Amino acid sequence: MSVAGVTPDALLAQALAFREQGDWAQALAALTRANIQRPSADVQQQLIDWRIEAGRSMPAPPESAPPVTAPLGAVGSVGIPEIAPSELSAARVREAVYSSGALIVRGLLEPPTVETLRQQIERVVGARENPDVFPPVEPQAAWYVRSPEAWGAPSQFFRRPGQTVESSSIWVADSPRMACELLALYESLGLPALLASYFGEPARLSVKKWVLRKMAPKKNGNAGWHQDGRFLGEDIRSLNLWLALSDCGGDAPAPGMDLLVDGPREIHPTGTDGAWFDWTVGPERVARLATEASIVQPRFAPGDALLFDQYSLHRTALEDHHSAVRYAIEAWFFAASTAPARQQPLFI
Ligand SMILES: [Fe+2]
């Protein structure tokens with residue numbers, strides 16, 4: 001369908017007509033184009049509402065899904081494989097995740113994009129935490145609005161009184177403006193096509209596992225080792241795109257991520273072996289696993305990406321030398337037919 005000469009009002013009318021026909025993909029595409037031509041808080045909010053509504057219907061699984069076992073020849077390595085953006089493909093992701101648990105893409109985002117995203121995260125945090133100064137809704141931007149279609153507990157919010165820096169976690173779905181921004185970014189990176197190839201079907205995001213993160217340094221953090229499959233379920237296909245927006249991990253001043261370089265498709269027992277919580281893998285068990293595989297804490301430059309899935313054993317790395325805030329964006333993508341309903345899938 002040609003969009004040349006189509007006015008925003010015509011696009012809105014088209015969106016409604018497609019929605020009436022149950023064609024969510026076309027409806028959302030028309031609504032997105034209307035918002036690009038004439039940015040509007042109302043339209044951005046409607047996009048989120050519709051994405052949640054559309055995400056409630058789960059498609060049938062594809063007739064032939066990609067293999068769930070490691071590709072032939074894949075072997076564990078001492079470190080996490082690293083590639084350039086030009087090398088990113090579904091096959092490369094599968095090979096790395098199934099052999100080493102994760103893949104690093106260096107320099108996936110350009111510096112100006114990183115800077116814009118950091119500023120926008122601050123804008124969203126301001127809209128939530130200081131609404132008198134940062135209006136949550138402006139005529140052209142819905143910075144922080146909870147969709148009536150979203151349910152469940154409020155998004156996570158951490159603040160330690162007396163600290164001048166603070167940590168915040170905000171659902172992207174709570175910022176319709178950011179959701180538009182990030183979906184356009186993912187599109188420009190070719191992610192929807194890559195994910196469709198990786199999953200063998202279209203991808204969904206979700207309300208609960210698509211998160212803007214601002215993490216303050218913390219001494220004696222004791223972050224728990226965990227696998228997200230412990231919460232999300234094993235019977236899924238997932239891929240988390242974690243975008244570092246700060247210099248973090250390793251010798252960097254901001255918190256990073258510890259990862260076990262390992263590929264087996266299994267969920268480890270939790271709440272045992274000295275674990276502090278029933279959802280974490282105990283340190284004694286991790287120490288035993290580390291005799292067979294290595295634990296790494298990669299250093300990420302702003303704009304680097306980490307890809308991993310529900311089996312990857314990891315934790316936030318909080319070290320005493322940290323002095324800087326870490327900005328990051330976490331996006332768990334799911335194969336549409338396996339998206340967990342409890343996470344409130346988002347049609348993208
Ligand atoms: Fe996690």
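These entries cover a helix pair, a helix inside the structure and the nonpolar cores.

Entry one. I note that I am working from a predicted model. I started with helix 1, residues 8–20, and helix 2, residues 24–37. Their axes lie 8 Å apart, and the packing angle is about 165°. Angles over 145 degrees count as roughly antiparallel, so I logged helix 1 and helix 2 as roughly antiparallel. Their crossing is left-handed. I then listed who makes the contact. Helix 1 supplies residues including Leu 11, Leu 12, Ala 15 and Phe 18. From helix 2 come, among them, Trp 24, Ala 27, Leu 31 and Ala 34. I sorted the residues of this contact into ten nonpolar, three polar and two charged.

Entry two. I turned to helix 4, residues 90–100. Eight of its eleven residues are buried, so the rest of the structure largely encloses helix 4. Val 93, Arg 94, Val 97 and Tyr 98 are among the buried ones. What covers them? I found that the cover includes helix 7 and strands 2, 8, 9 and 11. Just after helix 4, Gly 101 has a positive phi of about 90°.

I looked up the largest nonpolar core, which has 57 residues. Which members touch the most others? They are Tyr 186, Trp 210 and Phe 333. I followed Tyr 186 beyond its neighbours within four places in sequence, and its contacts include Leu 191, Leu 205, Trp 210, Ile 329 and Phe 333.

Conventions:
Residues are numbered from 1 along each chain as its sequence is written. This is a predicted model: local features need pLDDT of at least 70, side-chain atom pairs count only at pLDDT 80 or more; totals for chains, interfaces and linings use all residues. Side-chain values use heavy atoms; hydrogens and water are left out. A nonpolar core is a set of buried Ala, Val, Leu, Ile, Met, Phe, Trp, Tyr and Cys residues joined through side-chain atoms within 4.5 Å. Buried means under 20% relative accessible area, exposed over 50%, partly exposed in between (1.4 Å probe, protein chains only). Contact means heavy atoms within 4.5 Å. Axes are lines fitted to C-alpha atoms, for helices over the stretch in contact, and angles run from 0 to 180 degrees between N-to-C directions. Helices (H or I, at least four residues) and strands (E, at least two) are DSSP runs, numbered from the N terminus. Angles under 35 degrees count as roughly parallel, over 145 as roughly antiparallel, 65 to 115 as roughly perpendicular and the rest as oblique. A crossing is left-handed if the near helix is turned anticlockwise from the far one by less than a right angle, and right-handed if clockwise. Ala, Val, Leu, Ile, Met, Phe, Trp, Tyr, Cys and Pro count as nonpolar, Asp, Glu, Lys and Arg as charged, and the others, Gly among them, as polar.
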